[in-house]
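Morning, everyone. I have one structure to go through today, so please bring it up on your screens.

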Amino acid sequence: MLQLKWSHAYQFAGYYAAKEMGYYESAGLDVDIKPLQAGQDVVAEVISGRANYGTGTSGLLLARQEGAPVVVLATIFQHSPYVIIAKRVTDNQSIHDLSGKPILLRRLSDELLVYLKREKVGLKNLIPSAPGMDTVEKLMNGSVSAISGYISNEPYRLSQAKFPFDVYSPRSIGIDMYGDNLFTSSKEIDKNIQQAERFRVASLQGWEYIISHPEEAAAIVQKYAPEETNKKIAFERDKLNPLIRADLVPVGFMTQARWKHTVDIYIEAGSLNPNFSLEGFIYDSSPHKKLNWLYSALTISIIVGLCIFAAAYYVWRLNRRLAVSLTQVQHLANHDSLTGLPNRALFSDRLQRAILKARREKTLFALLFIDIDHFKSINDQFGHAAGDEVLKAACNRMMACIRDSDSLGRLGGEEFVILLEDLRVPEDALEIAKKIQSAIALGVSVGGELIDTTISVGISIYPNDADSEEGLFKRADTAMYRSKMNGRNSIHLYAETPQ
């Protein structure tokens, strides 16, 4: 049995697909998928044996520290869906405006707690939520100024109610944790590791199906959650699928380093002991641990086979090296060598595609020109190695502030460009630019010394300012130089720039 951590919803669509498309059945498994009932704890259900597998948050680490022998089998969301949602009072408010105000946080919101602490938001009015509490209602009736939430849940309710709100993500300052995780117990693995592996693989097949067949997701989800509307499911899909990042890594991918980062966040929050160990927590899907006897028996055969096929293997390696070299050359031709970002040529291609798409669909998009202020002085004072660290830090912070559907490129030197597609109004680009400005203004620590950093930003809008690649570049550049002339550390829309 698979025990969900919540009621039936799109966030579990991959497991539904694994059952409905017959992946579990093909793996020899008869799987029952159960929603969480009031008073239940998903970890307790799995550890007690009432369920074989479960879905959990990164809070599984806390259960492990408390003695629960949980083992994470796969990570579904490469980025956490947890965010802070605040009532929008002014158009230019930021996370810092919540300082000292009542903020309602759910249990296991440690990443959000660390986010608030790092942003130096006063927490004297921090309120823990109670089981069954309607946090959205608390926000709408003014009982609190902000709540913790799931990017695919609370924002939908607030949007439907036409309630003005802003969303703040820990990713904007580099706090990037895994989201929903498939887990089991060490007892279940010891009892039948082959079954655990078959269940893991079949579940990931289900997720791969959902991602590649979005048009069929609604019907599959509604078999388990008939009250879910097509509109709600589409909203959840659009918010959650980018967190899976199947375009970059295989579904279910996880690393020791990312889990160690999560451990560090919990330690900073005071929830985990400084000496917490990940040993035994992360499932190893490689078969060698359970099949050593088979490897020993095959050792001689392998050696003989290697001798026979040595020549063929040598040729294969040469071909592979040539293929890798060609791939690297192609990558370098289209990407910046320092940051790995698209260079001018690749970004230009993406911009041309965006123009064609926006022209066809009659939508708005924005081009942002971003220049790091006083960068030559940074190189002169701290050295070029420190300048490179500033550029890489700026790249990471800008990436955290934009959507997965947006594009960030480096033109060279200290100049970056961002493509923001599918905007409602030009002011949307201005809000994102302000988030980037705040993230860069945190400064960069290099060799124990804090380097102050600011940016100047110019924005052009398609089709309001121009409807061609050359025109958009030229007008964004003009607006950026207006920001420079105004003393730097500022943002200008071309439409508001004196001609």
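Predicted model: local features only at pLDDT ≥ 70, side-chain atom pairs only at ≥ 80, totals over all residues.

Is Lys-138 buried, partly exposed or exposed? Its relative accessible area is 32%, so Lys-138 counts as partly exposed. Lys-138 sits in helix 6, which runs over residues 135-140. Setting aside neighbours within four places in sequence, Lys-138 is in contact with Leu-104, Met-133, Ser-143 and Val-144. Take Leu-104 from that list: it is 34 residues from Lys-138 along the chain, and the two C-alpha atoms are separated by 8.6 Å.

Now the overall numbers. The protein has 499 residues, and 48% of them count as buried. Its secondary structure comes to 19 helices and 17 strands. If you take the contacts between residues at least 6 apart in sequence, 74% of them join residues at least 24 apart. The accessible surface comes to about 24600 Å², and carbon and sulfur atoms account for 53% of that.

Please find helix 17, residues 384-401, and helix 18, residues 426-440. They pack at an angle of about 145°, with their axes 9 Å apart. The crossing of helix 17 and helix 18 is right-handed. Which residues meet there? From helix 17 there are Ala-394, Arg-397, Met-398 and Cys-401, and from helix 18 there are Ile-432, Lys-435, Ile-436, Ala-439 and Ile-440. Sorted by class, that contact has seven nonpolar residues, two charged ones and no polar ones.

At 1.5 Å a residue, its 18 residues should span 26 Å, and the C-alpha atoms at its ends are 26 Å apart, so the two values agree. As for burial, the buried residues of helix 17 are Ala-386, Gly-387, Val-390, Leu-391, Ala-393, Ala-394, Cys-395, Arg-397, Met-398 and Cys-401. Ala-394, Arg-397, Met-398 and Cys-401 are on that list, and they also meet helix 18.

Now some backbone geometry. As a general point, most residues other than glycine have a negative phi, and most peptide bonds are trans. Here are some cases that go the other way.

Start with Arg-245, where phi is near 55°, a positive value in a residue that is not glycine. Arg-245 is placed in the loop between helix 11 (230-244) and helix 12 (256-269). Is Arg-245 buried or exposed? It is buried, because its relative accessible area is 15% and the cut-off for buried is under 20%.

His-374 also has a positive phi, near 55°. This residue is in the loop between strand 11 (364-372) and helix 16 (375-382). With a relative accessibility of 48%, His-374 counts as partly exposed.

The peptide bond case is the one from Tyr-462 to Pro-463, which is cis, with omega near 0°. Pro-463 lies in the loop between strand 16 (455-462) and helix 19 (469-485).

I will finish with a few single residues. Phe-199 is in helix 9, residues 193-212. Its relative accessible area is 2%, so Phe-199 is buried. What does Phe-199 touch? Leaving out neighbours within four places in sequence, Phe-199 is in contact with Leu-2, Tyr-24, Leu-29, Val-31, Tyr-53 and Leu-182. Of these, Tyr-24 is 175 residues away from Phe-199 in sequence, while the C-alpha to C-alpha distance is 6.9 Å.

Ser-407 belongs to strand 12, residues 407-412. At 9% relative accessibility, Ser-407 counts as buried. Not counting residues up to four places away in sequence, Ser-407 touches Phe-347, Arg-350, Ile-402, Val-417, Ile-418 and Leu-419.

The last one is Ala-161. Where is Ala-161 found? It is in the loop between helix 7 (154-160) and strand 9 (165-168). Ala-161 is partly exposed, with a relative accessible area of 42%. Ala-161 and Met-140 are 21 residues apart in sequence, and 9.2 Å apart from C-alpha to C-alpha. Met-140 falls within helix 6, given its range of 135-140, and Lys-138, where we began, is in that helix too.

Technical notes:
Residues numbered from 1 in each chain as written. Heavy atoms only, no water. Helix = DSSP H or I, 4+ residues; strand = E, 2+ residues; numbered from the N terminus. Buried < 20%, exposed > 50% of the residue type's maximum accessible area, 1.4 Å probe, protein only. Contact = heavy atoms within 4.5 Å. Areas by Shrake-Rupley, 256 points an atom, 1.4 Å probe, with all protein chains shown as cover. Axes fitted to C-alpha atoms, helices over the stretch in contact; angles between N-to-C directions. Left-handed = near helix turned anticlockwise from the far one by under 90°. Nonpolar A, V, L, I, M, F, W, Y, C, P; charged D, E, K, R; others polar. Expected span 1.5 Å × (residues − 1).
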